[in-house]
Amino acid sequence: MERKFRYGMVGGGPGAFIGAVHRAALRLNDESELVCGCFSSSAERREEMALELGISKERNYATAEEMALAEAAREDKIDFAVIVTPNYLHYSGAKAFLEQGIDVVSDKPLTFTVEESRDLKRIAAEHGCLFGVTYTYTGHVMAREMRNLIRSGVLGDIRMVMGEYPQDFMLNQLEHSDETNIPWRSVPALSGRGGSVADIGTHVENFVNYVTGLEIDSLCCHLDNLWTGGELDNNVQTLVKFKGGATGIYWASQVAIGYGSALKIRVFGDKGALEFMQEESNYLRLTLRGKPPMILSRGSDYMTPEAKSYSRIPPGHPEGVVEAFANIYLDFCRALRDKAAGKTVVEETYGYPTIDMAIRGVEFYNKCIDSSQAGSTWVKLGSE
Ligand SMILES: NC(=O)c1ccc[n+]([C@@H]2O[C@H](COP(=O)([O-])OP(=O)(O)OC[C@H]3O[C@@H](n4cnc5c(N)ncnc54)[C@H](O)[C@@H]3O)[C@@H](O)[C@H]2O)c1
């Protein structure tokens, strides 16, 4: 590909959280340019955003469907679409682009139901489209290092995983809202049937799967709604059994005072243990049996070359969430380039989270809710 990739964005309007992070990440890589969008449900806000981002009037669209059709008809059409709307629009938005043969990157959780996510996988396959899902934390360099170390057998026989993701922003959001401005994350029609279990519980499930390869066989879950009112869970505790016999404990909360985005994953084998903490994402804690803990630092020469290749600046200069997103986009654009060159693209080998991971995430949160609603009974995954 001798030119930059062209992309369009659905969502990410004025004041939106994650759309701006996606754009910053894509700018950092400097291999894609934003040429169109449907940034908001409000015409006024769409116009405001298009103006700010230098998008022409004719490529400032009212809906994802209109954008997909109009772009597909252009000579200079987009190479991929980025979907960063509230959850309820992911399915219809992604479907619209895939049906026009346009590759898609969507944020998580991908859809409300497993059937919808499987449907997107089927449509993507039918149209030969790539599909990336931005489970952010898999893009951290030290997440890649953790995966490489585990794959090389450093931990030995993995039997135990502890995953937690506490945040506290929901306490404040709901306190400052009334019925006219309830955040979409608390509205089932916009968010889906899961609250924190879908919003951040899926990050725990995905991160563990990404770095260890472990897949959940069954789970037993208890959902709570603490203090804030609202219809959806804001605190969730889950016991998991993995295929192959390892077990784990997951906790996700959006009402845990004092925590911003404290994803922490600990993996234990019989030879060693690894700990990744997202708020300290430039480091990884490795303890080999019988030895004192070691703190591995991003970008250092002792890292595996593959993980080190994602490190942009020398050790000691922190990289963060924007770089993590950018690394996911590096992988995705490498796949796009190979596809454009006519090579066979096996998405799992590029490093970005795939639609199969998205399907697992959607099944995970739905099964957590099923389990909790049935009185915290054990529920099997992968049974339908
Ligand atoms: N990967 C991550 O780490 C991460 C972090 C935050 C959010 N997310 C996900 O990203 C998505 C967006 O979350 P957010 O926090 O940015 O929400 P947000 O409310 O800050 O932004 C959502 C944007 O979508 C726009 N929008 C709403 N309806 C629209 C429509 N019909 N057409 C076009 N645009 C529309 C809104 O105007 C807004 O600009 C969610 O699915 C969320 O789960 C992922």
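Q: In this predicted model, how far from an oxygen atom of the ligand does a backbone N or O atom of Thr85 lie?
A: The atom of Thr85 in this pair belongs to the backbone. A polar contact is a pair of N or O atoms within 3.5 Å. The distance from the Thr85 atom to the ligand oxygen is 3.2 Å.

Q: What percentage of the ligand's accessible area does the protein cover?
A: On its own, the ligand has 840 Å² of accessible area. The space taken by the ligand is the largest pocket. Of the ligand's accessible area, the protein covers 86%.

Q: How many charged residues are in the shell around the ligand?
A: The ligand is surrounded by 26 residues, with Gly13, Asn87, Asp107, Lys108 and Thr136 the closest. By class, the shell has 11 nonpolar and 11 polar residues. The charged residues number 4.

Q: Which domains each give at least three residues to the shell around the ligand?
A: The protein is divided into two parts, one covering 5–129 and the other 139–315 + 361–380. The shell draws at least three residues from each, that is, from domain 1 and domain 2.

Q: How many residues does domain 2 bring to the contact between the domains?
A: The C-alpha centres of domain 1 and domain 2 lie 27 Å apart. Domain 1 brings 13 residues to the contact. From domain 2, the number is 15.

Key. Residues are numbered from 1 along each chain as its sequence is written. This is a predicted model: local features need pLDDT of at least 70, side-chain atom pairs count only at pLDDT 80 or more; totals for chains, interfaces and linings use all residues. Side-chain values use heavy atoms; hydrogens and water are left out. A residue is near a molecule or strand if one of its heavy atoms lies within 4 Å of it. A polar contact is a pair of N or O atoms within 3.5 Å; within protein, one must be able to donate a hydrogen and the other to accept it, and residues adjacent in sequence count only if both atoms are side-chain atoms. Accessible areas come from the Shrake-Rupley method with a 1.4 Å probe; for residues, only the protein chains shown count as cover. On a 1 Å grid over the protein atoms alone, a cavity is a set of points where a 1.4 Å probe fits but cannot get out, and a pocket is an open set with protein on both sides within 12 Å along at least five of seven lines; lining residues have an atom within 4 Å of a point. A molecule sits in a cavity or pocket if more than half of its atoms lie within 2 Å of its grid points. Ala, Val, Leu, Ile, Met, Phe, Trp, Tyr, Cys and Pro count as nonpolar, Asp, Glu, Lys and Arg as charged, and the others, Gly among them, as polar. Domain bounds come from an automatic or database domain assignment. Contact means heavy atoms within 4.5 Å.
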